[in-house]
Amino acid sequence: MNEQDARQAVHTAIGQVAPDVDFDGLDEDSRLRQDLELDSLDFLRLVETINEATGVDIPERDYTAVATVKGMIDYLAARG
């Protein structure tokens, strides 16, 4: 999976889990839980949605690596 595909997958998953997120003002350094205001259940749904869409499993030990939009994109691009 290239970076553009990963970016699209992350944006699509965020849109499904948190449809009120404004993508025009979305900064890739935004923190998923704090800046996008995803609670722990939303974050887990995001991880599950990404797994279902891409086949990339994100184990709990890697959650710190995917704490930002950019981190999630890079993680998927490297493993997808």
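**Close-up views of salt bridges and a loop residue**

At 36% relative accessibility, Glu3 counts as partly exposed. The model is predicted, with local features requiring pLDDT of at least 70 and side-chain atom pairs counted only at pLDDT 80 or more, whereas totals for chains, interfaces and linings use all residues. Residues are numbered from 1 along each chain as its sequence is written, and side-chain values use heavy atoms, leaving out hydrogens and water.

**View 1. Arg7 and Glu3 form a salt bridge, with closest N and O atoms 2.9 Å apart.** A salt bridge is a side-chain nitrogen of Lys or Arg within 4 Å of a carboxyl oxygen of Asp or Glu. Both residues belong to helix H1 (residues 3–17), four residues or about one turn apart; helices are DSSP runs of H or I, at least four residues, numbered from the N terminus. Arg7 is buried at 18% relative accessible area (buried, under 20%; exposed, over 50%; partly exposed, in between; 1.4 Å probe, protein chains only). A network of salt bridges links Glu3, Arg7, Glu28, Lys70 and Asp74.

**View 2. Arg45 and Asp42 meet through their side chains in a salt bridge (2.0 Å, N to O).** About one helical turn separates Arg45 and Asp42, because they are three residues apart in helix H2. Arg45 is partly exposed at 41%, whereas Asp42 is buried at 14% relative accessibility.

**View 3. Ala65 occupies the loop between helix H2 (40–54) and helix H3 (69–79).** Beyond residues up to four places away in sequence, Ala65 touches Gly71, Met72 and Tyr75 (contact, heavy atoms within 4.5 Å). The C-alpha atoms of Ala65 and Tyr75 are separated by 7.4 Å.

Methods
Helices (H or I, at least four residues) and strands (E, at least two) are DSSP runs, numbered from the N terminus.
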